[in-house]
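Keep the sequence and the 3D view open, try each task yourself, and then follow the steps.

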Amino acid sequence: MSNKASSSQSSIGFSMSSTMSHAYIQYPPMRCSITGSRGLFYDDGNKLLISPTSDQVYLWKTTPFSPHEAPTSDPISEGPILSIRYSLDARFRAIQRSSQEIQFWQKETGDTFNHKCKSESESILGFFWTDCPLGDIVLVKTSGLDLLSFDSESKSLQLVETRRLNVSWYVYTHESRLVLLASGMQCKSFTGFQLSTAGIIRLPRFEMVMAKTEANNKPVLSADDVYIVTVYGRIYCLQIDRVAMLLHSYRFYRDAVVQQGSLPIYSSKIAISVVDNVLLVHQVEAKVVILYDIFADSRAPISAPLPLLFRGLPRISSSSRSNGKEGESSEVNVTENETIVYGDDWTFLVPDLICDVSNKLLWKIHLDLEAISASSSEVPSILEFLQRRKLEASKTKQLCLGMTRTAILERRPVTMVARVIEVLVSSYAHALKTGTYPKGTKPEMTSSSSEEHSGSPRYESTGRVDALGKSVKHESNAGINNKSPIRSSNISTSESEDNTHFESLRINSPLQKVVKENFVGTQISTSEVQPTSFQSQHLGLSSNPLKATDGDRQDTHLTSPVISPDDLYNFVFAPVEEELVGDPSYLVAIIVEYLRSANAEKIKVHPDLFVLTIQLLARSERYSELVLSIINKVLEPSKEVAMQLMESGRQNFHIRKLGLDMLRQLSLHHDYVVLLAREGYYLEALRYARKHKVNTIQPTLFLEAALASNDSQVLAAVLRFFGDFMPGFRNSMDHRTYARILNEMSSITAT
């Protein structure tokens with residue numbers, strides 16, 4: 001598949017700015033216009049967009065994406081440039097000058113040296129830098145793969161290892177450290193190598209699926225038809241079959257390569273992006289994009305195909321936009337050419353960048369999660385989708401809370417809302433078990449269960465990528481504005497915990513079954529999620545998926561979209577209780593389902609939720625259910641629960657007694673004594689205080705109650721109790737005051 005977009009250039013303009021879209025590109029872009037530029041190149045190993053001139057190389061950092069990023073520059077000598085990229089430590093720069101020669105430049109000293117092929121019969125298809133401990137750089141040639149190390153003393157490259165085989169073109173990504181070498185008449189036979197920190201892993205040779213034409217012609221697979229992408233921490237190879245109009249997917253293991261499923265395509269011109277672990281398949285000719293969550297059971301798209309739109313554009317200027325000056329203000333008018341969607345010179349950079357070569361612009365693709373959420377009535381499945389998102393965690397969290405609140409207010413079926421709650425609880429429980437809950441919070445589990453979920457394996461990969469795009473074919477130019485396919489892809493690796501997370505969601509949720517025919521990804525680890533039955537049939541016990549390193553992971557200083565019990569109470573149950581009218585039985589049923597899910601995951605819920613449940617049951621006079629909930633500990637005992645039982649049981653003696661008993665069971669002796677006194681059982685309260693040595697009670701509470709009884713014997717008993725039980729009481733003002741009152745009462749009685 002070509003990274004180039006459709007030749008059609010019909011302008012979308014602003015007529016579509018108000019049209020719904022699930023994916024969009026945000027204005028302003030990163031402007032990379034340099035006078036005298038000889039093209040644009042992409043170095044996905046360092047996330048650099050590179051623009052060389054006759055004497056300088058300008059570099060823009062694309063991660064984090066900043067539209068106003070100012071370029072840095074390095075000197076460069078004259079000569080042709082087929083490909084250019086920097087070493088991972090930025091100390092060296094390599095430029096492919098021809099199919100036979102690569103020039104190296106050392107930044108510290110400014111020294112240069114050249115490396116040439118020993119045989120004129122072989123050509124350099126491309127190269128990439130690697131963090132493999134065995135070497136520094138990998139050359140892909142028509143005769144095979146060479147791993148070389150840099151010798152600083154001799155200023156030359158030393159051959160470390162070579163793998164000989166015929167190569168037509170190759171595909172490589174930095175995040176996966178996986179290189180696929182194509183060979184054969186149809187270029188459908190592949191040999192894969194992963195250059196990891198443990199060395200070089202050679203994958204089994206395999207063939208990709210290609211349908212035959214009606215004329216029985218054998219189509220030739222192009223480098224532009226193969227993508228390596230990273231989704232949910234797993235590496236997928238996607239292959240476009242233009243005859244069958246299918247997008248095949250493969251997953252790599254140490255001892256096998258398994259094809260797992262295909263997606264339909266509807267255009268002969270396709271581009272691939274990955275945004276926040278969502279696969280975007282651009283149907284270029286139709287000018288729409290289809291979104292897939294490849295971790296879901298269904299191979300159906302997330303929603304209907306919709307256009308890719310611009311957002312935030314200022315007004316269009318009919319005149320030329322730029323006068324060629326650098327550092328131009330971002331508040332410029334936009335030319336009509338800049339608003340063309342899927343233009344001729346659009347090059348898609350996996351995962352989520354688009355380079356408009358003709359206008360020297362770099363755009364970033366975004367997802368509209370709110371629009372995606374509004375497009376489906378399947379609330380549980382949408383919530384599962386949202387809980388898997390990472391990039392806009394705060395917004396995602398608010399969406400999840402709002403959707404849950406709305407489902408309850410609209411009195412959706414209890415079974416459906418129960419599935420919604422289960423999704424949120426499972427996601428939160430997984431975040432606790434894997435340690436991915438946001439730092440600074442102190443969530444609690446009801447028990448320190450030993451059933452730890454092992455985080456999914458981290459990737460360990462090595463290597464670098466080629467120029468813009470994703471693949472490399474023959475020796476041609478690697479520039480973005482070159483139609484020749486020496487390309488490499490930049491893929492953002494998501495958090496490794498995602499794999500176990502979403503498998504656990506599938507197992508725990510009735511909506512999400514574990515369908516084992518999911519897309520193939522690559523990870524090597526024995527601690528990974530159990531392989532699906534489909535995978536096991538093909539791979540047996542030794543099928544460890546390839547793992548890649550986490551060295552390239554994007555900064556994970558992101559909040560989590562998971563929703564805690566405190567969030568559920570404060571932003572769902574409490575507001576709903578105030579707004580929901582009518583019989584509270586419905587809300588009680590929802591809370592019970594939540595308590596069931598929380599208990600299954602051993603999660604401690606917000607204590608005020610038990611208080612709310614008691615209020616709702618008492619309001620509907622469902623006292624028998626309330627008693628059973630307390631006896632069976634459905635409502636967790638606490639001081640707050642006991643006090644609410646006392647409050648709600650004003651008209652029901654058994655409920656009040658449950659509250660008193662709970663205080664005693666919780667050894668809240670002071671509160672128990674005070675409540676007994678308030679109930680009028682002050683002598684019993686005093687006996688209880690003496691027995692349990694409760695010395696924190698206030699004598700005046702009992703003295704006033706005894707005085708109110710107008711019984712001098714009771715008052716005398718209380719005075720005697722505190723005189724004996726509380727040291728120093730006989731010398732207090734309270735003792736003198738009530739002793740005087742007792743004497744007066746006795747005098748009146750005697751007369």
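A disulfide is a pair of cysteine sulfur atoms within 2.5 Å. Before starting, note that this is a predicted model, in which local features need pLDDT of at least 70 and side-chain atom pairs count only at pLDDT 80 or more, while totals for chains, interfaces and linings use all residues. Residues are numbered from 1 along each chain as its sequence is written, and side-chain values use heavy atoms, leaving out hydrogens and water.

**Exercise 1. Find how many disulfides the whole structure has, and look at Cys32**.

Step 1: Searching the whole structure gives zero disulfides.
Step 2: For Cys32, the closest cysteine sulfur belongs to Cys355 and lies 6.7 Å away, too far for a bond.
Step 3: Now check burial, where buried means under 20% relative accessible area, exposed means over 50%, and partly exposed is in between (1.4 Å probe, protein chains only). Cys32 has 0% relative accessibility, so this residue counts as buried. Cys117, at 14%, is buried too.

**Exercise 2. Describe how helices α12 and α13 pack**.

Step 1: Recall that two packed helices are described by the angle between their axes and the distance between the axes. Helices (H or I, at least four residues) and strands (E, at least two) are DSSP runs, numbered from the N terminus. Axes are lines fitted to C-alpha atoms, for helices over the stretch in contact, with angles from 0 to 180 degrees between N-to-C directions.
Step 2: Between α12 (residues 653-665) and α13 (residues 669-678) the angle is about 150°, and the axes are 8 Å apart.
Step 3: The two helices are therefore roughly antiparallel (an angle over 145 degrees).
Step 4: Contact means heavy atoms within 4.5 Å. On the α12 side it involves Leu660, Leu663 and Arg664; on the α13 side, Asp671, Tyr672, Leu675 and Leu676.

**Exercise 3. Place Leu707 in the fold**.

Step 1: Leu707 sits in helix α15, which covers residues 699-708.
Step 2: With 31% relative accessibility, Leu707 is partly exposed.
Step 3: Apart from neighbours within four places in sequence, Leu707 contacts Leu715, Tyr738, Ile741 and Met745.
Step 4: Val718 is 11 residues from Leu707 in sequence, and their C-alpha atoms are 9.8 Å apart.

**Exercise 4. Summarise the protein chain**.

Step 1: Count the elements: 17 helices and 33 strands.
Step 2: Of the 751 residues in the protein chain, 56% are buried.

Terms used
Angles under 35 degrees count as roughly parallel, over 145 as roughly antiparallel, 65 to 115 as roughly perpendicular and the rest as oblique.
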